[in-house]
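Colleague: I am new to this structure and would like to go through it with you slowly, one question at a time.

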Amino acid sequence: MAKADTVLIVGAGPAGLEAARTVSDLGKRAILVEAKAELGGTPYASYATLTPDLQETEHSMKHMLDAVQNNPAVDVRMNTRIVNSEGELGSFHVSLSRDGTETVEEVGAIVVATGFQHFDPGRETQMYGYYEYDDVITLVDAEKMFKEGKVVRPSTSQPPEKVAFIQCVGSRDRQIGNKYCSKVCCGIASKQSIEIKRMLPNSKVFIFYIDMRMYGFWEDQIYWKAQEEYKVNYIRGIVTEIIKKGDKLLVKGEDTTMGRPMEVLMDLVILSVGMEPSKGTIEMSRIFQIPREEHGFLQVVGGPLNTVSTPVPGIFVAGAAAGPKDIEDSVSMGAAAAAKAVGVLNRLTLQV
Amino acid sequence: MPSDRYGDVALEEKQRLFDEVKADSRYKTYLYGCYECGICVAACPSARFYDFSPRKITQTLAREDVELFYEQLNDDVWNCSQCFSCNRCPRQNSPGGLITIMREVAVKNGLRTTKEALAGYTRIIYKIMTTGTQVSPDMLQEDAFPDWGPQVKQVSENLDVWRRVLPPETLHTTGLSWQVEERTMHELYAIWKMTGTLDMIGELDEGLHDIMEEIMDDALEESGIVSE
């Protein structure tokens with residue numbers, strides 16, 4: 001019965017790490033497969049600090065990495081990809097490939113936690129010029145600078161005086177084909193605006209938005225905080241175009257609540273790029289035959305009442321592979337998916 | 001972008017006035033932040049009749065938009081009726097309170113637009129500051145209040161008699177809304193002087209200031225209240 005004692009977890013971001021830890025806590029074995037050379041997933045690789053508490057990511061997530069690395073019940077396979085899967089609940093035969101060497105593992109259930117990728121701003125239908133202007137960057141580019149403890153204009157390496165965030169880049173846009181809200185970018189932009197003002201107290205920071213999506217505690221923890229303590233300017237109205245003017249960027253939009261057009265010169269523009277299913281998520285959909293829902297993410301059954309069960313028996317999904325998720329959603333889903341995976345294996349054992 | 005109406009005023013001057021508003025000790029509890037929900041405008045009686053928005057005042061201060069602040073300091077703050085219906089703000093801002101501070105700064109600095117806005121109120125300021133009461137019965141003349149109907153003329157002709165019909169003796173007045181105790185009036189003068197309110201009027205209307213100062217100084221000297 002070894003196979004029914006093992007859950008395969010694909011992807012070692014917050015959801016996958018939590019799933020692996022939970023499987024082992026529930027007394028089963030986990031094989032945790034990660035395509036990259038590092039654990040922790042997108043937040044760990046790309047974000048200097050976490051939203052909403054502004055804690056350093058590596059420090060905050062250390063306990064999650066430790067829980068799988070020093071755990072005899074979790075078999076961690078780095079630099080490894082899934083290339084094929086056969087079989088069914090209780091007995092999946094999954095082919096893993098590492099450095100061109102393939103092995104086949106027999107597992108009872110599977111948790112897919114392959115996450116999202118950031119929207120490529122080259123695909124946006126406005127005219128923001130990400131690939132044209134050095135000083136137009138993304139949230140991820142900004143985090144790279146934060147990791148080095150600085151924020152500068154890439155064109156001059158000097159600190160910016162005026163910084164603008166543009167929200168919903170790649171999200172909520174029928175023209176692009178992404179009708180959904182990416183859920184975390186309002187919070188991340190607000191978090192980053194606080195960090196910029198901490199580093200450069202004399203800078204002016206603007207956030208151009210359509211609606212601010214600051215649900216739950218994020219409202220006062222980061223939105224009100226940014227406004228009240230750091231004087232961040234939230235301007236309702238989305239930028240239509242960025243034009244280079246001298247060595248500055250002319251940002252054109254409408255200040256809708258003031259009822260006037262707006263043209264402001266900026267030193268640095270940060271695009272709040274949203275989430276799309278990662279290549280790995282799309283690949284897992286094909287390999288495991290998991291249908292994708294209408295936005296392109298992995299489909300779950302049960303709507304809001306079952307967030308982790310896919311239509312394929314024995315295969316579960318956790319985190320942003322199932323749609324835009326924040327970290328707390330992802331971690332909760334990781335534990336829920338692990339519990340359900342162990343649950344079906346337990347039922348199989350009882351039936352024997 | 002703000003209009004170019006005040007383009008000739010230096011940014012430093014606008015910033016100086018803005019800093020004066022911000023330095024007011026009430027400012028911190030009158031302004032937190034604004035998410036532009038519009039509840040203050042929905043509650044505002046002035047907003048129904050004027051191109052006036054307590055939200056925009058609050059937003060402008062929260063954004064620290066100095067150019068727009070200066071425009072509002074000149075053009076908007078006197079459209080508020082200071083009823084404080086806007087205090088229902090869910091962020092606990094007080095748009096009306098912010099306007100109070102802005103008005104005080106506008107008056108203290110003798111802005112031209114403030115002088116213009118308050119020019120018609122000279123008589124009311126005089127009345128309030130020297131008597132403690134505002135609209136007196138003898139101001140109710142037919143030509144001043146045609147919308148009150150034909151009885152205004154009738155009443156104003158025998159005002160003294162009509163007033164003496166009223167039961168409380170303190171209302172047997174024509175030049176005051178009611179009889180004000182001399183002691184109360186003197187205390188009021190002392191307050192106007194000691195709080196700098198009288199000086200504020202000096203920036204606005206020197207003649208009015210001098211007349212009122214003379215009245216107050218004479219009365220206070222007689223009463224001996226200042227030395228108390």
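**Cores and helices**

Colleague: How many residues does the largest nonpolar core have, and which have the most contacts inside it?
Modeller: This is a predicted model, and in it the largest nonpolar core has 59 residues. Those with the most contacts inside that core are A:V7, A:I9, A:V111, A:V112, A:A337 and A:A341.

Colleague: Which helix gives the largest share of this core?
Modeller: The largest share amounts to ten residues, and these belong to a helix of chain A that covers residues 327–351. That helix is α8.

Colleague: Leaving aside its neighbours within four places in sequence, which residues is A:V7 in contact with?
Modeller: The contacts of A:V7 include A:V23, A:K28 and A:A30, and also A:V107, A:G108, A:A109 and A:V111.

Colleague: What length does helix α12 of chain B reach from its first C-alpha to its last?
Modeller: Helix α12 of chain B, residues 182–194, has 13 residues, and at 1.5 Å a residue a reach of 18 Å is expected. The reach in the model is close to that expected value, at 18 Å.

Colleague: Which residue takes a positive phi just after α12(B)?
Modeller: Just after α12(B) there is a residue whose phi is positive, at about 85 degrees. That residue is B:G196.

Notes. Residues numbered from 1 in each chain as written. Chains lettered and ligands numbered in written order. Predicted model: local features only at pLDDT ≥ 70, side-chain atom pairs only at ≥ 80, totals over all residues. Core = buried A, V, L, I, M, F, W, Y, C linked by C-beta atoms within 7 Å. Buried ≥ 20, exposed ≤ 12 C-beta atoms within 10 Å, placed from the backbone. Helix = DSSP H or I, 4+ residues; strand = E, 2+ residues; numbered from the N terminus. Contact = placed C-beta atoms within 7 Å. Expected span 1.5 Å × (residues − 1).
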